[in-house]
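Please look over the two-chain model below with this note beside it. The points are meant to be read in order.

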Amino acid sequence: MKTRTLAAGAAGLALLLIAQPLSARGQKDAAQEAAKQIKIRMYASEYTPRARAQSDRWDPPTYLDKLRGEYRKTHPNVDIEFLPKIPSGPEFDTWFITQFKAGNAPDIGNQLFSEINRNYQKGWFLDLSPYLEKPDPYVAGNAHWKDIFLPGVISTGTAPDGKIYLLPTGINGTAIFYNKAMFQKAGASVPTTWKEFMEAQQKLKDAGFVPFAFNMNGARYCSNWTLRCLQDMLMDSKLNTIKGISGPIERTTIEGAGVSQKELVAAIKKGTYSAKDPQWQEPMRLLKEWSRYWDPSFASLDQNGAYMQFVTGKAAMVWMDISRVKQVAVDSLRQFDYGTFSFPTVTKESSPYSTGIAAPAIGGFTGDGEYLVDALTEKRGTREASIDWLMYVTAPEHYIPMVNDLGYYAPGLKDATNLSPALEPFVQAVQKGVFRMETYLRGLTVKYADQYYQTMQEYLAGRKDLPQACEEIQKYMNQAADDLVAQNGWTDIR
Amino acid sequence: MKERQAPRGLPAPMKTRRVRFASPQMVLCLIQVAPALAALAVFRYFPVLSAVWHSFFNWNGFDEGRFTGMANYGELFSDPVMGTASLNILAYVVIRVALNLVFPLLAALLIHHLGSSRAAYPYKALFTVPLVVPTMVVLLVWKFIYNPHDGILNRFLSFLGAGALARDWLGDFGTAIYAVSGLGFPWVTGIGISGFGMLLYLAALQGIPSELYDACAVDGVSGARRLFRLELPLIARQLYLVALLTVINTLQTYVPVMVLTSGGPGTASMVPGLYLYLTAFSYDRFGYACAIGVVMAAVLAALAAFQSRLNARAESAT
């Protein structure tokens, strides 16, 4: 018994001696593991997962949360925090700039390419080019991460210095939504040309419907979209003269990229872009022609008002952006089937200035999902994990369900299998190219945009005829050009 | 030195000691008020002086700007938008003054002549409670009232059989400015200072000695004659005060216009306050915006002085 006890004690001691270093090693590993714990902070904008609030009329996005959970299973040392959503516009832009200035920006941010191009020289953003050459391990057979994206993602994300600081993976776009029942009752068919568009609206009007909920109060989306489309089609033959080149100007996926602000100012000074030019006046003439079919309260109607007119069956059509796709689909106020179509093409039948070119898309790679990585991630030790998480999120297998869950902003991916059919047309439209010259919203000065808009409203209300309105606009245009020359010191423009 | 005598029946005035300017007591007083004076100088007077200074510059609000002398003022007087805005604000002021003088006064008279303060209390409360409703809420409600499709105003007109009068109140060139300036029915409380106007009038009416009402009753003076011969002259100060405050308040206004019409359609409802705001914050022309602000301040000061003289003259007449 004594011998047995001694043997057991010796065995226990031996075990203890063996286990001691093993345990110490385990503790060391755990400590190292804990030290390797990485926390990524991500600003996911519209995709930010959240619980449904009482004011929500449909389920908010949650898919990113699901992706985080799945990612954590294979990357237990990576913790991902989603920052709360900030209202877009000046409030967000101020937050974005101050966070980067203070060195407190999220590891993965979300911003428009135009803002990145304004700030890329400040050294805030990581150049993603080397990582885009590497394979995305979450996409089977992928050799280079960049290959999973549509070309527009890379071209839009490329800054003036040739580096890629941004992956604008979300597509923004617009479509005309129409009430199928009203079209059927009026005997109207979905138009593809301006002439057909006018005919369809005449039929709707004759049948007692308000054909179109055009809106001019508040944000000027509707009128800016119309004028951009009409100008791109009707000034097509003159765009190269305005730019000062001989060859044609191709459409790209970047809005207004065909003619720069400086080229536009030079054209105004030379008189090649002039409100006195009948070709310039043609979009305004067509706009007035179209206004016969608008809701009579178009001057005080805003985007939401127009949406309500459409969704409650008081207007047959409305022009809206991609962010309304889910809203229209789930809105309980809507008691009819609807469809969408693109802005119609102006043909020779409707205008002598038509070259037959189709209407451009409005939008581009400016939807949510415009990812950038903070340059400070290297210092924080979160760079590799941030890139890996981005590769994981942008893999089509993960990204497409995430987009479907949100319900709007189409994905800029080559493989869009299983994408919601409601978003499909937006992907197709943007790839055909967007408008080439911006003259209304940001093209010249904000003051000119306001003056132009005010004069146009007077023209539409019949308080000014076309020559009077154009003469006034020309005056404002000249002033805007002078202001920009003085502001930018463009001494080479006479 | 002769002691100041108190009128009979009143307590003697407190003796005041003359304090020398350089005395420690004065220094202590100055130290105590210095923070408030400094805050006043930095946050009230400096911006005013800065605005006057920058009104002579082509300034975008960030850089140092370029001195342009009177150019901003020259532009202001030839700016067609400023011309339209000035006419609009004139209409706006006239309408608001009329509304703030008449309707709160009617409400005050009704409450005053209810006789019992117990009966008057619920009405007072009813007219005062809307004062706590945020202006933005009031404006959004009025945006809905004016809605051409589902708005109460057009529906009410149709109900009365006057559907032909229904229109796009805020989108019509002919009605936009009047719709904005006329909002707030029944104009007793709501936008601006009309709610306080009713309380001011009521306090003044209640301050009229009952002997005067008794004398009116003995002389058989009642109704409109009592109003014009007795009540209005005795609350003239309050009427002037409300008119003055309405003018000052309304001349600077831009929030209702911005919320309801953004100055449109065209510039049909543009007012100087909104134009100043747009010029500064949308067009980055802070120098020109300062010039607009300086002219607005000068107009306000002149009107205030004019109204004060009228007030003094009216007082001396009574």
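The numbered points below take up the chains, their contact, the cores and some backbone details.

1. This is a predicted model, in which local features need pLDDT of at least 70 and side-chain atom pairs count only at pLDDT 80 or more, while totals for chains, interfaces and linings use all residues. Residues are numbered from 1 along each chain as its sequence is written, and chains are lettered from A and ligands numbered from 1 in the order in which they are written.

2. Chain A holds 20 helices and 9 strands, these being DSSP runs numbered from the N terminus (helices H or I, at least four residues; strands E, at least two). Its C-alpha trace spans about 120 × 60 × 40 Å along the principal axes, and 46% of its 494 residues are buried, where buried means 20 or more other C-beta atoms within 10 Å of the residue's own, exposed 12 or fewer, and partly exposed in between, with C-beta atoms placed from the backbone.

3. Chain B has 14 helices and 2 strands, and 31% of its 318 residues are buried. Its radius of gyration, taken over C-alpha atoms, is 25 Å, whereas a compact globule of 318 residues would have one near 20 Å, by the rule of 2.2 Å times the number of residues to the power 0.38.

4. The contact between the chains takes 16 residues from chain A and 13 from chain B, two residues being in contact if their C-beta atoms, placed from the backbone, lie within 7 Å.

5. The largest nonpolar core has 143 residues, of which A213(A), A316(A) and V318(A) touch the most other members; such a core is a set of buried Ala, Val, Leu, Ile, Met, Phe, Trp, Tyr and Cys residues joined through C-beta atoms within 7 Å. Because domain 1 (38-171 + 363-412) and domain 2 (174-362 + 436-488) of chain A both give residues to this core, it lies between them, the bounds coming from an automatic or database domain assignment. Apart from it lies another core of 54 residues, including A176(B) and V188(B).

6. Most residues other than glycine have a negative phi, and most peptide bonds are trans. Y409(A), not a glycine, has a positive phi of about 65°; Y409(A) is in the loop between α17 (396-406) and β9 (410-411) of chain A, and is buried, with 28 other C-beta atoms within 10 Å. In chain B, the peptide bond from F185(B) to P186(B) is cis, with omega near 10°, and P186(B) is found in the loop between α7 (176-181) and α8 (194-206).
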